[in-house]
Structures are given as C-alpha cells and as structure tokens.
Amino acid sequence: MASLRLGDTGEAVFDLQQRLALAGYETAEDHYFFGPATEAALKKFQADRGLIADGICGPYSWAALVEADYQLGDRLLYYHLPMMHGDDISDLQQRLGKLGFDVGWVDGIFGFDTQKAVQQFQHNVGIPVDGVVGRITLHTLHRLSKQSAGELTITEVREHERLRQQPCLVEGRKIVVGNIGDLPVIANAVARQLRRSGAKVLSLESSNLSYQAHTSNNWGGDAYIGITSTTRRLDVSYFATSGFKSTGGQALADQCVNALQSLFRETLIITGLKIPILRETRMPAVWCRLGPGAKVVTHAPEIAEALTSAVMNWCFQPVPG
C-alpha cells in the first residue's frame, strides 16, 4: 500500500483512521480525509510504538497498525513461515523472558528462539510440549508471570554480562557499517578508519533495511552502526520497546551522541526505537540520522571521525559502568 500523508483522501485514509481508532488514537476528523487531526493521531501512535514520528503512514507504520490489532490470547501462536508478528507476541516474549526463558529480542516476531523458549517453558511446567501457545499454555503463563513483574528479561541480563566480559579492544571486532546510499562518503570513511584500527568491517549499502539486518546477523557482527540523512537535526536511536531495551545498543548510542555533541556543541536527541533495522539486528545497533544537509556536507570528515571514535570507545566500554 502506498504511503499516506497530510492532504490525502480516499478509502485507504478511512482504513488508517479506523485502525488508529481501534489502537486508541481517535482522529476526530471527517472520514476519508487525512487532515491535521489524523496526522497528529498518527504521530502520537508512531512515537508510542517506537517509530519515527513523521506523520507519514508508510510500510512500517502500516505494519505496526496491523500488529496492534492482536492481544495475547486472541489467536494461537506458533512458529511457521512467514513468521507471525504482533503485540501479542511481544507480550508473550516479555513474560517468558522475565521468567528466565530466552526468546532473544522482544521484537514481536514468533521466530525459532521464541518457539524454543515456549517449548522449554512447557517442559518446565509439565504441560504438553508442542511449541504452540494455546489455552493451557496461556493460563499457566498468566499465573506464573504475575510473580515476575518489573524484572529484566533473561536476554537483557545475558547481553549485559556477555558484553561486560568480552575483551576491551578494537582489533578483531566485527563491526557492520550500514547506509541506504544517501551518505556514502561518511559511511565509507567510518568503515575505512575502523579497518585501519584493526576492526573487521562489513559495509552494507541498501535501502532494504531488513536485508541489512539479515546480512549482519548471518555475518555474526558484534555491533551495527547505521548512517542516513534527515532534513531535521541529528539524532541517534537504539532498540527499545515497552519492557525491553538493548543495553549494548544504548551504550553505543550514548557514545555516538557524546562524540557528535562535542563536534556541534548542541544537545542531540537519543531515543529508544523499534524501527526494523534496530528490531531485526541481533546485536547492539544504532541508527544515526544526520542533518540538516548543509551542516552534514560541511562537516562530513569530522562526523566520520566522531562516529569512528564512538565505535572504538564502545569497544572499550560496551556497557555502562
């Protein structure tokens, strides 16, 4: 479906307004017209869902609206291809993770790790082990998860410990530098400087961010830094959703912001988002949006040096403290 934005009309706009309303974001506007109220509701939805709040309903926002339709218990959950997506799966993953079953990222995707965690849970509580989240599994999960409210998921704990124990050096670290092709000078300079420092670097240039995430995961990267342009001010994001965040990603984002702030002498924005490139990578990852254009072009060498320094500093201290 094509992107929708302010001023658009038609059935697709009405569908968008209905989905926003079902998710709890009333538009209070004439149906079939994408006006200021619809834009404001969409921006609020995007911000709450960890998406870039630009008021444009593109493929990622459409997908998030579809996922918002599902609550845990609405349907059977199980592993199959294509994999199931939804808020109900995020809820399931958080509950399992807080009980000590490793689902990987709390990404709302029922993948192999989630299936394995469901099977381990079923085995531990003495119910049939089929990897399907049905009535019996849900009843048992609801009962036990009340005891784990507020705790970290096992994935967050293990990520923190793994990063804390790894060698504090740059040499040999596998770093992915990704971009969508709009800032190749900066991305290539970062990759080149990291290689000179002894890191193993995979450079990716593609507008398909799911492809970048899949390739990074298969390569077994230690960290991912994505670079793209924006017409607005600079900002850096890492993977986070309600009840879950990547500690290593947050630490890398902090390093990037600190390095860029010292360059531009201004307060930069750091946010936890659930955009696909951060959601689908299985490693500490950041997405750096650099802008406005004139500032970026003028300071491209310094920006590349700052981001390189940030990655290197993260290699020495990948988690806070």
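1. Helices α5 and α6. In this predicted model, helix α5 spans residues 112–125 and helix α6 spans residues 135–145. Two packed helices are described by the angle between their axes and the distance between the axes. Here the axes come within 11 Å and cross at roughly 80 degrees. Angles of 65 to 115 degrees count as roughly perpendicular, and α5 and α6 are therefore roughly perpendicular to each other. On the α5 side, the contact is made by Phe121, Gln122 and Val125. The α6 side contributes Thr137, Thr140, Leu141 and Leu144.

2. A nonpolar surface patch. Tyr79, Leu81, Met83 and Phe112 form a nonpolar patch on the surface of the model. Together these four residues have about 410 Å² of accessible area. Tyr79 is located in the loop that runs between α3 (59–67) and α4 (87–98). With a relative accessible area of 31%, Tyr79 is partly exposed.

3. Salt bridge between Asp87 and Arg49. The closest N and O atoms of Asp87 and Arg49 are 2.6 Å apart, and the two residues form a salt bridge. Asp87 lies in helix α4, while Arg49 is in the loop between α2 and α3, so the pair ties together parts that are 38 residues apart in sequence. Both Asp87 and Arg49 are buried.

4. Salt bridge between Glu67 and Arg279. Glu67 pairs with Arg279 in a salt bridge whose closest N and O atoms are 2.9 Å apart. Distant parts of the chain are linked in this way: Glu67 is in helix α3 and Arg279 is in helix α11 (residues 276–280), 212 residues apart. Glu67 is buried, as is Arg279.

5. Surroundings of Glu280. Helix α11 also contains Glu280, which is partly exposed, with a relative accessible area of 22%. Leaving aside residues up to four places away in sequence, Glu280 touches Ser210, Ala213 and Asn217. The C-alpha atoms of Glu280 and Tyr211 are separated by 9.6 Å, although the two residues are 69 residues apart along the chain.

6. Ile56 is found in the loop between α2 (36–48) and α3. Its relative accessibility is 25%, and Ile56 therefore counts as partly exposed, given that this class lies between the limits of 20% for buried and 50% for exposed. Residues up to four places away in sequence excluded, Ile56 touches Ser3, Leu4, Arg5, Leu42, Gln46 and Ser61. Gln165 is 109 residues from Ile56 in sequence, and the C-alpha atoms of the two are 42 Å apart in space.

Key:
Residues numbered from 1 in each chain as written. Predicted model: local features only at pLDDT ≥ 70, side-chain atom pairs only at ≥ 80, totals over all residues. Heavy atoms only, no water. Patch = residues over 30% accessible without salt bridge, like charges linked within 9 Å, V, L, I, M, F, W, Y side chains within 5 Å. Areas by Shrake-Rupley, 256 points an atom, 1.4 Å probe, with all protein chains shown as cover. Salt bridge = Lys/Arg side-chain N within 4 Å of Asp/Glu carboxyl O. Helix = DSSP H or I, 4+ residues; strand = E, 2+ residues; numbered from the N terminus. Buried < 20%, exposed > 50% of the residue type's maximum accessible area, 1.4 Å probe, protein only. Axes fitted to C-alpha atoms, helices over the stretch in contact; angles between N-to-C directions. Parallel < 35°, antiparallel > 145°, perpendicular 65-115°, else oblique. Contact = heavy atoms within 4.5 Å.
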